[in-house]
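Me: I am new to this one and would like to go through it step by step. Could you take my questions as they come?

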Amino acid sequence: MSTSTPVPADPASSHRAIENLIARYAELVDDGDFAGLGRLLADAAFTGSGEPVSGSDAIEKMFRDTLIVYADGTPRTQHVTTNVAIEVDEQAGAAEARSYVTVLQALPELPLQPIAGGRYHDRFERRDGRWRFVERRVRINLVGDVSRHLHQAAAQL
């Protein structure tokens, strides 16, 4: 099979690939790998609490400017993604996903606790046989103590 021949669509493998992208996002944030996040979302528009951001460099900068990183190189968080619902249109090579996110954080002076909860609304596209993010919208509707997570919150103390 030549490399230019598209791989036949398989709904189960499409769902798994999309789940893996959703999980990879959480890993990269929790690892403090903002360059990796920029690469993961390079083809996407990312909307959090501000205006949408697009492009690898702009997304990496937005995360660096927003999240507090500690001596171990991480934000000391765990993003737990649950209630994942994925709808795939194999013919169009497009998919949408909805999921919940709960952000946990712990520091020596901060016991393990949830600091935020919300929803992800994602769109994906299959290009060259691979799924990728084309949009991630984050809506946080439950906010705890984010003073040790977000630069803006820390500055307001």
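Me: In which sense do E1 and E6 pair, and over how many bridges?

Reply: E1 and E6 pair in the parallel sense, over three bridges. Two strands count as paired if DSSP finds at least two bridges between them. Helices (H or I, at least four residues) and strands (E, at least two) are DSSP runs, numbered from the N terminus.

Me: Before we continue, what kind of model is this?

Reply: This is a predicted model, in which local features need pLDDT of at least 70 and side-chain atom pairs count only at pLDDT 80 or more, while totals for chains, interfaces and linings use all residues. Residues are numbered from 1 along each chain as its sequence is written, and side-chain values use heavy atoms, with hydrogens and water left out.

Me: How many helices and strands are there?

Reply: The protein has four helices and six strands. Along the sequence they follow the pattern α-α-β-β-α-β-β-β-β-α. The radius of gyration, taken over C-alpha atoms, is 17 Å, close to the 15 Å that the globule rule gives for 157 residues, so the protein is as compact as a globular protein of that length. That rule is 2.2 Å times the number of residues to the power 0.38.

Me: What is the strand order in the sheet?

Reply: The six strands form an open sheet in the order E2-E1-E6-E5-E4-E3, with mixed pairing. Its edge strands are E2 (53–54) and E3 (77–89), each of which pairs on one side only.

Me: Which helix packs on that sheet?

Reply: Helix H1 (residues 11–31) does, touching E1, E3, E4 (94–107), E5 (110–127) and E6 (130–143). Touching means heavy atoms within 4.5 Å. The direction of H1 makes about 155° with that of E3; axes are lines fitted to C-alpha atoms, for helices over the stretch in contact, and angles run from 0 to 180 degrees between N-to-C directions.

Me: How many bridges join E5 to E6?

Reply: Twelve bridges join these antiparallel strands. Histidine 121 has arginine 137 in E6 as its bridge partner, and arginine 123 stands opposite glutamate 135 in E6. The hairpin of E5 and E6 has two residues between the strands, and aspartate 128 there takes a positive phi near 50°.

Me: And what about E3 and E4: how many bridges?

Reply: E3 and E4 run antiparallel and are joined by eleven bridges. Their hairpin has four residues between the strands, and glycine 93 in this hairpin takes a positive phi near 65°.

Me: New topic: how much space lies in the largest pocket?

Reply: About 670 Å³. On a 1 Å grid over the protein atoms alone, a pocket is an open set of points where a 1.4 Å probe fits, with protein on both sides within 12 Å along at least five of seven lines. Grid points are joined across faces, edges and corners, and the volume is the space filled by probe spheres set on the points.

Me: Which residues are closest to its centre?

Reply: Of the 27 lining residues (those with an atom within 4 Å of a point), Ser49, Thr66, Leu67, Ile140 and Leu150 are the closest to the centre of the largest pocket. H1, H3 (56–66), E4, E5, E6 and H4 (151–155) each supply at least two residues of the lining.
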